[in-house]
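Student: I have a new structure here and would like to go through some side-chain contacts. Can we start once it is on screen?

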Amino acid sequence: MVDTAVRPTPAGRHAAPPRGRPGRRKEAIAGYVFLSPWLLGLFGITLLPMLYSLYLSFTDYDLLQDPEWVGLENYERMFTGDPQFWNSVGATLLFAITSVPLKLAVALGVALLLYRNRRGVGLYRSLYYVPSLLGGSVAIAIVWQTLFGGQGAINGLLAVFGIPGRAWIADPAFALGTLVILAAWQFGAPMVIFLAGLKQIPTEMFEAAALDGAGRIKQFWHVTLPLLSPVLFFNVVLETIAGFQGFTAAFVISGGTGGPADSTLLYTVYLYLRGFGDFQMGYASAMAWVFLIALGVITAFVFRSGSLWVHYADEGDR
């Protein structure tokens with residue numbers, strides 16, 4: 001019988017397999033073939049367009065004539081000579097700061113109601129998830145526009161209680177609020193993630209807390225919330241990024257203007273108007289890069305803050 005076992009070298013190490021073996025070369029080729037769709041998408045759809053938009057951000061380009069190099073003029077005009085830019089920044093910050101916490105609070109509240117096994121709970125979980133499937137569509141934005149219009153169902157409901165209605169979407173003081181409510185209504189996705197996290201908390205933790213005299217509220221603050229903090233952190237990151245990227249509802253409800261009085265002029269809407277409304281593609285590209293950098297900084301800040309309030313189960317073993 002032939003002994004095929006790999007024997008250690010005199011130095012006590014196993015001999016390295018010979019390089020350039022046909023089998024390994026075939027495996028490498030097969031790996032690159034399987035990766036090729038992803039690589040084509042990465043370079044053709046993501047990296048190259050991003051680099052081209054970075055170049056356009058330093059040019060004056062209107063889609064009809066060749067780009068003209070203007071250096072930092074677009075960035076200078078954005079920060080010092082464009083009041084609407086700052087209006088869009090303010091509206092976006094206000095929208096994200098109000099909609100993200102409200103959406104997560106609603107999602108967590110509904111998840112706490114639905115995570116225990118009861119009759120028909122599966123149906124309720126499915127029904128509550130439906131708005132997340134439909135919420136980003138143009139059709140739902142149109143429905144929302146009708147609901148909060150001057151003759152909409154919201155004013156009809158208020159009239160039942162003798163409360164005078166108003167044209168919520170046409171009023172600068174309330175227009176952004178309708179977008180916040182619509183965003184909070186799409187709580188299905190974070191709710192499902194919260195449900196999965198709640199299922200992972202051992203029931204023994206609640207039983208031990210109850211034996212120590214902790215009521216439901218204390219159990220929530222001292223057991224549920226700390227053990228759920230990694231899931232909460234995950235939802236905060238996702239929803240914060242999504243909150244700053246809001247576009248469809250603001251564009252449809254405002255009729256593509258960001259009005260009234262720039263109250264719903266979110267950053268993405270203003271970027272679209274500059275690029276595809278005024279054909280200022282160089283300026284819109286500069287806005288896109290500022291937005292990318294700002295979103296990266298905000299996300300890094302959220303990750304940095306996680307060390308202060310996120311608790312992991314294996315922290316005691318470190």
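Student: Is Glu239 buried or exposed?

Tutor: This is a predicted model. In it, Glu239 counts as buried, at 10% relative accessibility; the cut-off for buried is under 20%.

Student: What does Glu239 form a salt bridge with?

Tutor: Glu239 pairs with Lys103, and their closest N and O atoms are 2.9 Å apart. The two lie 136 residues apart, Lys103 in helix α3 and Glu239 in helix α10. Lys103 is buried as well, at 12% relative accessibility.

Student: How many salt bridges are there?

Tutor: The count comes to four.

Student: Which residues are linked in a network of them?

Tutor: Asp82, Arg274 and Asp278. Asp82 meets Arg274 at 3.4 Å, N to O. Asp82 is in the loop between α2 and α3 and Arg274 is in helix α12, so this pair ties together parts that are 192 residues apart in sequence. Arg274 also bridges to Asp278, at 3.7 Å. Asp82 is buried at 7%, whereas Asp278 is partly exposed at 43%.

Student: Which ring does Arg274 lie over?

Tutor: The ring of Tyr283, at 5.2 Å from the ring centre.

Student: Now rings. How many aromatic pairs?

Tutor: There are 19. One of them is Phe251 with Tyr272: the planes are at 80 degrees, so the pair is edge-to-face, as that takes over 60.

Student: Which residues do ring pairs link into a cluster?

Tutor: Tyr52, Tyr55, Phe58, Trp69 and Tyr75.

Definitions and conventions:
Residues numbered from 1 in each chain as written. Predicted model: local features only at pLDDT ≥ 70, side-chain atom pairs only at ≥ 80, totals over all residues. Heavy atoms only, no water. Phe/Tyr/Trp six-rings, centres within 6.5 Å; stacked < 30°, edge-to-face > 60°. Lys NZ or Arg CZ within 6 Å of the ring centre and 35° of its normal. Salt bridge = Lys/Arg side-chain N within 4 Å of Asp/Glu carboxyl O. Helix = DSSP H or I, 4+ residues; strand = E, 2+ residues; numbered from the N terminus. Buried < 20%, exposed > 50% of the residue type's maximum accessible area, 1.4 Å probe, protein only.
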